[in-house]
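Morning, everyone. Let me put the structure up, and then I'll walk you through it.

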Amino acid sequence: AERGLLEGFPDGSFHPNQPMTRAEFAVLLSHFPWSQWLNLAEITPYGADFTDVPSTSWAAVDIEQVAQWGLMRGDPDQRFRPQSPISRLEVLLTVSTVLKSRPNADRAVLSYYHDQFIIPTYAQESIALATVHQFVVSYPDPHFLNPTRFATRAEACAFLHQLLVYQGIIHAVKSPYIAKVQEPHS
């Protein structure tokens, strides 16, 4: 909030335990300097002509921007579902986009999570990278990823906080809820 990256509600509240909607997350993402972190020339932008996001929507510009950056997608039927809650998995996949140029992480690190069996195959490499680089924050037990659970507003901000730590923009905060693993040595 001090850096102007996120805002609460007009009444001054933040509602940290409330699920974050896809529109709220898109607005939050649009405030981050993705052009500094990603090679946008190598990214295939997603179509931003969403049938359920009118141009008059409070989040329309931000949704279009994050779609152009390739950070968020809509459904195959061109719906963005702006008022739907976003899952923890979706947030982590988006945040871990900055790690695409990093060497692949060993998927064995996923054994850290007691619920590793519900991480979709397509997401395992990204979640392994996010775990190794300490993007994953899980309260009350860091050994549960809870990928299918809706992300609260606080959780989405915690993941983005870890991204800012990774980028060297802010200092790390000591927390027992950050997944901390080392890659197995071959």
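Predicted model: local features only at pLDDT ≥ 70, side-chain atom pairs only at ≥ 80, totals over all residues.

Start with helix H4, residues 88-95. Is it mostly covered or mostly open? Mostly covered: 6 of its 8 residues are buried. Those are Arg88, Leu89, Val91, Leu92, Thr94 and Val95. What do they pack against? Four helices: H1 at 22-30, H2 at 34-37, H5 at 124-132 and H6 at 153-166.

Now the core. The largest nonpolar core has 57 residues. Phe25, Trp34, Tyr113 and Ile127 have the most contacts inside it. H4 gives two or more residues to this core, and so do H1, H2, H3 (60-68), H5 and H6.

Look at Tyr113. Leaving out residues up to four places away in sequence, Tyr113 touches Ile119, Ile127, Thr131, Val136, Pro142, His143, Phe144, Leu145 and Ala179. Note Ile127 in that list; Ile127 is also among the core residues with the most contacts.

Last, the charges. How many salt bridges does the structure hold? There are 8. Asp75, Asp77, Arg79 and Arg81 are linked in a network. Take Asp75. Asp75 bridges to Arg79, with the closest N and O atoms 3.4 Å apart. Asp75 also meets Arg81, at 3.1 Å from N to O. Then Arg79 pairs with Asp77, at 2.9 Å.

Arg81 is partly exposed at 26%. Asp77 is partly exposed too, at 45%.

Key
Residues numbered from 1 in each chain as written. Heavy atoms only, no water. Buried < 20%, exposed > 50% of the residue type's maximum accessible area, 1.4 Å probe, protein only. Contact = heavy atoms within 4.5 Å. Core = buried A, V, L, I, M, F, W, Y, C linked by side-chain atoms within 4.5 Å. Salt bridge = Lys/Arg side-chain N within 4 Å of Asp/Glu carboxyl O.
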